[in-house]
Amino acid sequence: MLYIGIDLGTSAVKLLLVNETGKIVNSVTKEYPVFYPQSGWSEQNPDDWWSACIAGIGELTAGTDVDEIRGIGAAGQMHGLVILDKDDTVIRPAILWNDGRTEKEVEYLNHTVGENKIADYTANAAFAGFTAPKLLWLRKNEPWNFDKIYRIMLPKDYINYKLTGVHSCDYSDASGTLLLDTGNKRWSKEMLQICNIHEWQLPKLHESFEVIGSLCHKAAKACGLSEKVKVVAGAGDNAAAGIGTGTVGDGKCNISLGTSGTVLISSEGCRMDPRHAIHTFAHADGNYHLLGCMLSAASCNTWLCDTILHTSDYGAEQRRIPENILGKNHVYFLPYLMGERSPINDINARGTFTGLTMDTTREALVLSVLEGVAFGIRDSLEVIKSLPLPVTGSTFCGGGAQSPLWQKIFANVLNMPLGMVKTEQGPGYGAAILSMVGCGEYDSVKEAVGRLVEITRIVEPDSMLTEQYELQYQKFKKIYPAMKQVFLELR
């Protein structure tokens with residue numbers, strides 16, 4: 001039997017064709033544009049996602065006996081606001097997770113309504129990327145569009161809607177809307193009232209592995225598949241990556257290094273950070289997870305190489321870095337190119353290079369970016385460890401995690417072993433696993449990941465380098481507090 005995993009990312013959709021033993025039979029990537037209508041804004045056309053999925057599924061299944069395909073699972077970029085009118089027409093471009101226009105709305109939620117009260121309703125404080133602040137922005141700035149809203153969706157739920165005609169959402173993705181009573185797994189009546197929306201406009205909620213329906217006639221024809229193919233609710237990309245890397249159970253950890261960066265700790269209970277610096281979300285296995293998210297991770301390295309150094313050979317840049325300067329770099333980089341979420345929740349934060357001198361080299365700049373991203377992830381991990389929730393190791397996935405140098409830096413900055421998974425397709429692979437569970441191939445998510453997820457290599461920290469990076473991290477921690485007021489004045 002075959003299953004399709006969809007990873008609806010920010011720059012492209014990645015599709016996997018996976019058999020019941022977990023082997024990836026084929027993979028296809030289809031890109032689409034991101035639009036920046038104003039500084040700090042980030043939008044996409046949902047129909048671009050759908051067109052890419054149709055084209056991608058056609059390529060993915062070419063030469064395959066489509067009668068062997070039993071299920072589809074989708075993972076997707078979280079928090080994006082997709083709105084449809086009563087005729088099922090997309091009202092406006094989707095406002096994405098990394099869009100920064102909602103500063104005033106976040107201020108209203110956290111300070112006028114009150115951060116603790118919002119956390120009582122949702123288990124989280126308000127962050128600029130979340131969906132609820134986008135609805136408040138829309139009501140104030142585009143009331144003509146707000147008044148047309150008939151259905152509210154998240155990005156991967158739009159794909160599921162096009163596949164099945166069913167208006168659905170899973171708990172993990174819904175957790176990032178700031179509209180969900182996460183602890184009780186139901187829409188928050190208080191947040192709906194604050195945002196002036198109705199529950200009938202929101203999708204029906206499901207566990208990530210639950211079947212929401214089968215392919216509708218129009219979608220089956222467009223994709224060249226049978227109408228018998230089942231579709232599960234799917235998950236937010238981070239939760240799906242957790243499944244794809246085996247992050248299931250109490251205290252398991254996964255670090256994902258993509259456009260954004262995340263540290264995810266699975267939990268069998270609903271734990272909450274009293275300072276609200278990190279997120280408490282439902283997990284795709286039916287339990288919960290804690291999540292720290294930095295807005296710019298591997299994208300920091302992309303920015304430096306592509307925009308500043310004018311090279312796309314990232315590997316060559318890293319190979320030029322002499323090993324003897326690891327842990328001794330005199331340049332520090334704040335990775336806040338788009339503001340920051342966890343743990344500082346500061347949309348005004350900006351990227352900085354600190355410690356530049358006349359003898360600063362190109363290699364030192366590149367290294368400082370790699371180290372700054374690792375330090376930023378550690379900031380969130382420190383909060384999670386304080387709860388307390390013991391974390392002794394982690395899996396490591398995402399495009400940036402393929403770099404041997406970044407693997408070494410992370411293992412030593414975090415002072416813990418990093419497991420490299422055999423199938424490095426976190427969200428898409430996790431989505432495929434969820435579809436297997438929904439179709440009855442496995443009895444539970446825990447059983448499926450136990451059978452399918454394999455660690456092939458472990459990167460161990462070096463005690464001497466760990467000590468050096470501990471000193472570096474303590475210096476790094478002082479930079480943002482010293483710059484916070486300056487960032488406000490630079491707006």
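This is a predicted model: local features need pLDDT of at least 70, side-chain atom pairs count only at pLDDT 80 or more; totals for chains, interfaces and linings use all residues.
Residues are numbered from 1 along each chain as its sequence is written. Local features need pLDDT of at least 70, side-chain atom pairs count only at pLDDT 80 or more, and totals for chains, interfaces and linings use all residues, while side-chain values use heavy atoms, without hydrogens and water.

**Exercise 1.** Work out what span helix α1 (residues 46–60) should have.

*Solution.* Helices are DSSP runs (H or I, at least four residues), numbered from the N terminus. The expected span is 1.5 Å times one less than the number of residues. For the 15 residues of α1, that gives 21 Å. The end C-alpha atoms lie 21 Å apart, which agrees.

Now look at the start of α1. Asn-45 caps its N-terminal end. A side-chain oxygen of Asn-45 is 3.0 Å from the backbone nitrogen of Asp-47.

**Exercise 2.** Decide whether His-79 is buried or exposed.

*Solution.* Buried means under 20% relative accessible area, exposed over 50%, partly exposed in between (1.4 Å probe, protein chains only). His-79 has 3% relative accessibility, so His-79 counts as buried. Finally, check its side chain, which reaches the backbone oxygen of Gly-176 at 2.7 Å.

**Exercise 3.** Classify Asn-287 by its relative accessibility.

*Solution.* The value is 26%, so Asn-287 counts as partly exposed. Asn-287 is in the loop between β18 (279–282) and β19 (288–294). Beyond neighbours within four places in sequence, Asn-287 has contacts (heavy atoms within 4.5 Å) with Lys-185, Ser-267, Glu-268 and Ala-282.

Methods:
Helices (H or I, at least four residues) and strands (E, at least two) are DSSP runs, numbered from the N terminus. A polar contact is a pair of N or O atoms within 3.5 Å; within protein, one must be able to donate a hydrogen and the other to accept it, and residues adjacent in sequence count only if both atoms are side-chain atoms.
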